[in-house]
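Take a moment with the sequence and the model below. Then follow the text through them, one part at a time.

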Amino acid sequence: MSYFRNFERINPFSARERSLTKKQKELFNRYSEEMKFDSFKKISWKKTPDQKNILEIGFGSGEIILKNAKQFSDNLYIGIEYYKKGIAQLLSNIESENLENVRLYYGNATLFIKNIDSNFFDEIWLMYPDPWPKKKHWKRRFIQKSTIIELSRILKFRGRFLFFTDNSSYAVWGSKHILANEAFKYLAKKPNDLKITDSKYSGSKYQKKSEVLGVRTYYFIFEKVFQ
Ligand SMILES: C[S@@+](CC[C@H](N)C(=O)[O-])C[C@H]1O[C@@H](n2cnc3c(N)ncnc32)[C@H](O)[C@@H]1O
């Protein structure tokens, strides 16, 4: 079975694709086999007893993965993106920092999560996903009943799902969908808990953009409370 039935039409909606420089093309091509789903299945993941497995969906240019992978070298970071230029930027940083604890997947996260083992991740990050603000496009939002079921399956018991958005409509949509799944519990107890306190999660391109524009971000952290 091919995980890439739709590979040629990976991102039919995005207008974000920009042309790659010659160096970025070379990097992307060099790692393209490694970034296919099938190569993930051949990897022996467990490197250290303390290793945590972290997944970032739609990492953009990868600022947060980079920052964390440098700081927590025992952890494994898996990033999924279909924005080639962002992938090439992160690959370039991974090379220059000699990081061995990051794996990237080029493709649609919706397909990826369906094929991952259950109870694999300690944390899953979804930061500033495309908000698709028009009602007729809500079906394109990453958060849907079906994706939340998969996320709850691949997250470990007591694992955390971080969802950050600066779009109030998506904040309501996202939190409703996530809490409709009884595997997830909302960790915030008071309004201030919706602010980010841990600097390891801050500094993504879109977070910086919304700060410059003075737009409020909603930081949701959920915990998986059922096996
Ligand atoms: C608004 S950007 C945010 C990027 C980054 N998280 C940040 O905070 O700067 C959303 C990113 O998610 C990626 N994306 C959206 N849907 C995706 C999907 N189904 N699979 C993989 N990547 C996706 C887009 O290509 C885009 O780079």
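**A walk through the fold**

The buried residues of helix 3 pack against a list of partners: strand 1, strand 2, helix 4, strand 3 (102-106), strand 4 (121-127) and helix 8. Which residues of helix 3 are buried? They are E63, I64, I65, L66, N68 and A69. Keep in mind that this is a predicted model.

Now step back to the whole chain. The secondary structure of the protein chain comes to eight helices and seven strands. The chain has 227 residues, and 32% of them are buried. Look next at contacts between residues at least 6 apart in sequence. Of these, 79% join residues at least 24 apart.

G62 sits in the loop between strand 1 (53-57) and helix 3 (63-71). Is G62 buried or exposed? A residue needs 20 or more C-beta neighbours within 10 Å to be buried. G62 has 26 inside 10 Å, so it counts as buried. Setting aside neighbours within four places in sequence, G62 is in contact with G79, G86, Q89, L90 and N93. G62 also shows how folding brings parts of the chain together. K205 is 143 residues away from G62 along the chain, yet their C-alpha atoms are separated by 8.6 Å.

Next comes the core. In soluble globular proteins, nonpolar side chains tend to be buried together. Here, the largest nonpolar core has 47 residues. Which of its members touch the most other members? They are I57, I65, L90, I124, W125, L126 and F161. One of these, I65, is among the buried residues of helix 3. Another, L90, is among the contacts of G62. Take L126 as an example. Not counting residues up to four places away in sequence, L126 touches I57, G58, F142, L162 and F163.

Turn to a pair of helices. Helix 1 (residues 22-31) packs with helix 4 (residues 84-96). Their axes are 9 Å apart, at an angle of about 85°. The two helices are therefore roughly perpendicular to each other. Helix 1 brings Q24, L27, F28 and Y31 to the contact. Helix 4 brings K84, K85, I87, A88, L91 and S92. By class, this contact has six nonpolar, two polar and two charged residues.

Now find the ligand. There are 22 residues around the ligand, and G58, G60, A109, S204 and Y206 come nearest. Strand 2 (76-81), helix 5 (109-114) and helix 8 (205-213) each give two or more residues to this shell. Helix 8 gives the most, with three residues. What classes do the shell residues fall into? They divide into 10 nonpolar, eight polar and four charged. G58 links two parts of this story: G58 is touched by L126, and G58 is among the residues that come nearest to the ligand.

Last, look at two backbone details. Y128 has a phi near 50°, a positive value in a residue other than glycine. Y128 lies in the loop between strand 4 and helix 6 (145-154). With 20 C-beta neighbours inside 10 Å, Y128 counts as buried. R158 is not a glycine, but its phi is also positive, at about 70°. R158 lies in strand 5 (residues 155-165). R158 has 10 C-beta neighbours inside 10 Å, so it counts as exposed.

Terms used: Residues numbered from 1 in each chain as written. Predicted model: local features only at pLDDT ≥ 70, side-chain atom pairs only at ≥ 80, totals over all residues. Near = placed C-beta within 6 Å. Helix = DSSP H or I, 4+ residues; strand = E, 2+ residues; numbered from the N terminus. Nonpolar A, V, L, I, M, F, W, Y, C, P; charged D, E, K, R; others polar. Core = buried A, V, L, I, M, F, W, Y, C linked by C-beta atoms within 7 Å. Buried ≥ 20, exposed ≤ 12 C-beta atoms within 10 Å, placed from the backbone. Contact = placed C-beta atoms within 7 Å. Axes fitted to C-alpha atoms, helices over the stretch in contact; angles between N-to-C directions. Parallel < 35°, antiparallel > 145°, perpendicular 65-115°, else oblique.
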